[in-house]
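Me: I would like to learn how to read pockets in a protein model. Can we work through one case?

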Amino acid sequence: GQRRPLMSIGAAGYFNLAPTDIVARTGNPQANTDVDENGRIDNVAIWQGGVELRVHFRGAALQGELFRRLEHPGAGMADRTFAGEYLQASYFVVPHFLAVDARVERTDLPLYGQTLAQRNAAGDHIDGQTAGVSAFLRGHDLKIQADYTHLRTRGVVLPDAFYSPDSHRLRVTAQRSEEHTSELQSHHD
């Protein structure tokens with residue numbers, strides 16, 4: 001119920017050096033893990049970053065994020081890039097009581113350190129769509145939420161196996177806060 005628009009912007013970054021996953025990635029136990037011959041296992045440089053925008057105004061909310069990841073294995077090997085993003089919106093159809101929401105998302109699956117078989121079985125990215133409803137019976141002190149999500153896994157490679165890349169999830173939750181719980185217990189004593 002904000003009378004003036006509220007907006008927030010966020011950014012995050014991450015850098016790490018991780019031991020090479022070339023043995024797991026190729027399935028070759030003899031793969032060279034010390035290309036520079038310094039007596040230590042080579043590292044993969046991992047760079048990640050994300051930006052976020054969030055806006056609230058008169059019972060409506062909109063939020064979106066973008067994520068990017070770069071894995072630089074070095075030694076003349078090709079870089080690996082990954083991305084993810086989502087956009088979600090919600091609106092109070094009954095102010096301060098009943099809200100509806102929707103979300104779309106897509107994410108690549110880096111699966112760092114996983115074997116080729118594990119990466120093939122997991123796929124290379126997931127697309128998702130969600131719709132939900134929330135009833136705030138006593139604000140955030142007592143609420144019921146339900147949502148339905150459809151997820152589709154892309155890039156699955158399983159020879160001679162049955163696999164459905166679609167999944168459907170229905171969640172229903174009820175939550176009451178500790179303050180509300182204490183209040184109820186004191187009335188029952």
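**Reading the pockets**

Reply: This is a predicted model. Start with the second largest pocket, whose volume is about 160 Å³.

Me: How does one find where empty space is left?

Reply: In general, a probe the size of a water molecule is rolled over the atoms, and this shows where space remains empty. Here, 14 residues line the second largest pocket, and those nearest its centre are Leu109, Leu111, Arg119, Gly123 and Asp124.

Me: Which element gives the largest share of the lining of the second largest pocket?

Reply: Helix H2 (116-122), with three residues. Both S4 and H2 supply at least two residues of that lining. By class, the lining has six nonpolar, four polar and four charged residues.

Me: How much space lies in the largest pocket?

Reply: About 930 Å³. Its lining has 39 residues, with Ala61, Ser90, Phe92, Ala99 and Phe136 closest to the centre.

Me: Which strands each supply at least two residues of the lining of the largest pocket?

Reply: They are S2 (43-57), S3 (60-72), S4 (80-94), S5 (98-108), S6 (125-140), S7 (142-154) and S8 (166-176). The classes in this lining are 14 nonpolar, 16 polar and nine charged residues.

Me: Which residues is His150 in contact with, leaving aside neighbours within four places in sequence?

Reply: His150 then contacts Asp127, Gly128, Gln129, Asp166, Ser167 and His168.

How values were computed
Residues numbered from 1 in each chain as written. Predicted model: local features only at pLDDT ≥ 70, side-chain atom pairs only at ≥ 80, totals over all residues. Heavy atoms only, no water. 1 Å grid on protein atoms, 1.4 Å probe; cavity = no way out; pocket = protein on both sides within 12 Å on 5 of 7 lines; lining within 4 Å. Points joined across faces, edges and corners; volume = space filled by probe spheres on them. Helix = DSSP H or I, 4+ residues; strand = E, 2+ residues; numbered from the N terminus. Nonpolar A, V, L, I, M, F, W, Y, C, P; charged D, E, K, R; others polar. Contact = heavy atoms within 4.5 Å.
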